[in-house]
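Student: I have a model open and would like to learn how to read its features one by one. Could we go through it together?

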Amino acid sequence: MKRRLIIGTGAAILLLGGGTAIYFGTRGLPPEAQLARLPSENAPVLSIDFAALRRGGVFEMLSGPVVEEEPEYKTFVEKTAFDYRRDLDHALIAFHSSGVYFLVRGRFDWKRLETYAREQGGGCINGLCRMPGSRPERKISYFPLQPDLLAMAVSPNESAASRMSGPAADSRRITLLPQPVWLSLPASTLQKSEAFPTGTQLFAKAIEGAEGATISLAPRGKAIEAQLEVACRSAQEAAIIAEQFQKVTALLRRLIEKENQKPNPGDLSGVLTAGVFRQENTRVVGSWPIERAFIENLAK
């Protein structure tokens, strides 16, 4: 739920350009079927329920007024009447080796969006729209699956979005979660602990051999809870990982105490040292309370 994640996702969607009057016969496409269209094998998949975040007041805190001050964003809103803070409801995003794939639900004025696409040097042929991105290797393609559901890709392949016109051949089974934000990580991603954010790499190292993991965020009273669920190959492996998590958390506490400091709920030290873990057969479940102060500091 980092601000740059929310804004970055919104900015990518803002650049999607126009639409067409052609739909692909997918009215009423359920969430499970949407997931099946994403190329998700060996790819992390992120789900953000923007509508739920707005209802909880979190989205407004993270987006802030600074976005409106950006000239490109102001021009986009003026010409298309699309404001992602108001009109974007949900996004499923697959971070695949061949590009980033989006399934976006919201309210779109297709006629104005199509005009904007042409102004940006793009166009639509046979229902598939294309336009240049911010760099030569970032080509944007998209088409409407439903009046309120857009398939989009940012990839070196200018027609990459067409992969989502039907079920993807390289999709993996992903369980939909009720939390407003969740990230599904395949085994291949877990093997790259060095790519995880600083401060979390010790935890990532502990699950390098797991079958997969899911990270989710959800409101818990006045705070937010981050939860990690790790799928292990055996109960024995799960027990080892749970023990490693507990040792890493204790180590972080000792390092902070050594500096004569206390964990601060407003930064990562307070979040990571508050983790609790349990083993459930072949699964490991960890949870970290995230205080509002931490979210406010991220927003700043």
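Tutor: Gladly, and let us begin with a term: a salt bridge is a side-chain nitrogen of Lys or Arg within 4 Å of a carboxyl oxygen of Asp or Glu. Keep in mind that this is a predicted model. Here Arg278 and Glu280 form such a pair, with their closest N and O atoms 2.6 Å apart.

Student: How exposed are Arg278 and Glu280?

Tutor: Arg278 counts as partly exposed at 43% relative accessibility. Glu280 is partly exposed too, with a relative accessible area of 27%.

Student: How many salt bridges are there by this rule?

Tutor: The count comes to eleven salt bridges. The general idea is that side chains of opposite charge can pair when their charged atoms come close. One of the cases here is Arg283 with Glu229, whose closest N and O atoms are 2.6 Å apart. That pair links distant parts of the chain, since Arg283 lies in strand E12 and Glu229 in strand E10, 54 residues apart. Arg283 is partly exposed at 29% relative accessibility, and Glu229 is partly exposed at 30%.

Student: What span should helix H10 have, and what does the model give?

Tutor: Helix H10 covers residues 235–258, and at 1.5 Å a residue its 24 residues should span 34 Å. The C-alpha atoms at its ends are 35 Å apart, which agrees.

Student: Which residues of H10 are buried, and what do they pack against?

Tutor: For this we need the cut-off: buried means under 20% relative accessible area. In H10 the buried residues are Ala238, Ile241, Ala242, Phe245, Val248, Thr249, Leu252 and Ile256. The buried residues of this helix pack against H9, strand E10 (223–231), helix H11 (268–272), strand E11 (276–280) and strand E12 (283–290).

Student: Is Asp87 buried or exposed, and what does it touch?

Tutor: Asp87 is buried, with a relative accessible area of 7%. You will find Asp87 in helix H6, residues 84–87. The side chains of Asp87 and Arg86 are joined by a polar contact of 2.7 Å. Leaving out residues up to four places away in sequence, Asp87 touches Ala81, Phe82, Arg105, Gly106 and Arg107.

Student: Where should I look for positive phi values outside glycine?

Tutor: Check the loops here. Asn42 has a phi near 60 degrees, a positive value in a residue other than glycine. Asn42 lies in the loop between helix H2 (31–36) and strand E1 (45–49), and this residue is exposed at 52% relative accessible area. Asn281 also has a positive phi, about 60 degrees, although it is not a glycine. Asn281 is in the loop between E11 and E12 and is exposed, with a relative accessible area of 56%. After H10 comes Asn260, whose phi is positive as well, near 55 degrees.

Student: To finish, what does the chain look like as a whole?

Tutor: The protein chain has twelve helices and twelve strands. Of its 300 residues, 49% count as buried. Among contacts between residues at least 6 apart in sequence, 64% join residues at least 24 apart. The chain exposes about 14800 Å², of which carbon and sulfur atoms supply 53%.

How values were computed: Residues are numbered from 1 along each chain as its sequence is written. This is a predicted model: local features need pLDDT of at least 70, side-chain atom pairs count only at pLDDT 80 or more; totals for chains, interfaces and linings use all residues. Side-chain values use heavy atoms; hydrogens and water are left out. Helices (H or I, at least four residues) and strands (E, at least two) are DSSP runs, numbered from the N terminus. Buried means under 20% relative accessible area, exposed over 50%, partly exposed in between (1.4 Å probe, protein chains only). A polar contact is a pair of N or O atoms within 3.5 Å; within protein, one must be able to donate a hydrogen and the other to accept it, and residues adjacent in sequence count only if both atoms are side-chain atoms. Contact means heavy atoms within 4.5 Å. The expected span of a helix is 1.5 Å times one less than its number of residues. Accessible areas come from the Shrake-Rupley method with a 1.4 Å probe; for residues, only the protein chains shown count as cover.
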